[in-house]
Amino acid sequence: MIYPETFVNVIDNSGAKIVRVIRILKTFGRRRGRIGDLTICAVQTLRKKGKIKVKKKQICYGLIMRTKINQQTSANFYTKFFNNAVILLNKNTNKPIGTRFFGVCSSKLRNNKQLKYLTLNLHIL
């Protein structure tokens, strides 16, 4: 579960390293974010090399890809990741800022009808 004011890792090649979650969108009464939820994020630290597409303190959307808490799948398996991670999205068009994602992501995004983000990742759990 990801709450507001949580520091989260970024797993795409947008140039950001760590972002702070400001708010979780469309949660309908619950204050926690799960896999597949949209968040409003502020960039805290940047990577040192490579093409950097964002600036420090820039506000952008984020899509939660991994959480530390156990998630139950449809086959009654539990998946747990080592860290909380998001990918950054453009504020106007909701398209990803980066072109690649690093690490594994959950297949729960398939149930949330967010297949365009799954196609950019190689490892799906």
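Modeller: The structure holds 1 salt bridge, and it joins glutamate 5 to arginine 20. This is a predicted model, in which local features need pLDDT of at least 70 and side-chain atom pairs count only at pLDDT 80 or more, while totals for chains, interfaces and linings use all residues. Residues are numbered from 1 along each chain as its sequence is written, and side-chain values use heavy atoms, with hydrogens and water left out.

Colleague: What makes glutamate 5 and arginine 20 a salt bridge?

Modeller: The term requires a side-chain nitrogen of Lys or Arg within 4 Å of a carboxyl oxygen of Asp or Glu; the closest N and O atoms of glutamate 5 and arginine 20 are 3.5 Å apart, so the pair qualifies.

Colleague: Why is arginine 20 called partly exposed?

Modeller: Buried means under 20% relative accessible area and exposed over 50%, with partly exposed in between (1.4 Å probe, protein chains only); arginine 20 has 28%, and therefore counts as partly exposed.

Colleague: What makes a set of residues a nonpolar core?

Modeller: Its members are buried Ala, Val, Leu, Ile, Met, Phe, Trp, Tyr and Cys residues joined through side-chain atoms within 4.5 Å. The largest such core has 14 residues, of which Ala16, Val19 and Leu88 touch the most other members, and its largest share, 4 residues, comes from S2. Apart from it lies another core, of 12 residues, including Phe81 and Phe101.

Terms used. Helices (H or I, at least four residues) and strands (E, at least two) are DSSP runs, numbered from the N terminus.
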